[in-house]
Amino acid sequence: MSVPAGPEGVSHPDVIICPRGPLLLRGDHLVDDGEGNIVRTERPVSAVCRCGKSETQPWCDGTHKVLPPKLQP
Ligand code: FES
């Protein structure tokens with residue numbers, strides 16, 4: 001997929017929403033896990049759970065792949 005350059009010449013998104021899957025973050029971010037805990041990610045790409053079923057919240061552990069379609073994000 002081709003993405004036009006943004007206002008600062010950036011040619012790729014920092015946030016990618018995967019259909020029926022996680023949200024991908026590119027680069028360093030602080031993530032609120034929804035329970036008041038702030039966690040830092042410094043990985044090149046981090047997958048944030050959107051289905052709420054991961055055992056490693058706030059990160060995706062792949063559980064969304066085995067959920068029935070109506071429970072997938
Ligand atoms: S989105 Fe992957 S486990 Fe929730």
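Strands E3 (residues 29-32) and E4 (residues 38-41) run antiparallel and are joined by 4 bridges. Strands here are DSSP runs of E with at least two residues, numbered from the N terminus, and two strands pair if DSSP finds at least two bridges between them. Within this pair, Leu30 stands opposite Arg40 of E4. The hairpin of E3 and E4 has 5 residues between the strands, and Gly34 takes a positive phi near 90° there.

All of this describes a predicted model, in which local features need pLDDT of at least 70, side-chain atom pairs count only at pLDDT 80 or more, and totals for chains, interfaces and linings use all residues. Residues are numbered from 1 along each chain as its sequence is written, and side-chain values use heavy atoms, with hydrogens and water left out.

The next element is a sheet. It is open, with 3 strands in the order E1-E2-E5 and antiparallel pairing. Strand E1 (15-17) and strand E5 (45-48) each have a single partner strand and stand at the edges, so one side of each is left without a neighbour in the sheet. From one strand to the next, the twist averages 20°; for this angle, axes are lines fitted to C-alpha atoms, and angles run from 0 to 180 degrees between N-to-C directions. Strand E2 (residues 23-26) pairs with E5 over 4 bridges in the antiparallel sense.

The segment after E5 contains Ser54. Is Ser54 buried or exposed? Ser54 counts as buried because its relative accessibility is 8%, where buried means under 20% relative accessible area, exposed over 50%, and partly exposed in between, with a 1.4 Å probe and protein chains only. Which residues does Ser54 touch, leaving aside its neighbours within four places in sequence? Ser54 is in contact with Cys49, Trp59, Cys60, Asp61 and Thr63 (contact means heavy atoms within 4.5 Å).

A polar atom of the Ser54 side chain lies 2.5 Å from the backbone oxygen of Trp59. The Ser54 side chain also reaches the backbone nitrogen of Asp61, at 3.4 Å. A polar contact is a pair of N or O atoms within 3.5 Å; within protein, one must be able to donate a hydrogen and the other to accept it, and residues adjacent in sequence count only if both atoms are side-chain atoms.

The structure holds 0 disulfides, a disulfide being a pair of cysteine sulfur atoms within 2.5 Å. For Cys18, the nearest cysteine sulfur is that of Cys60, 8.3 Å away. Cys51 is buried, with a relative accessible area of 15%.
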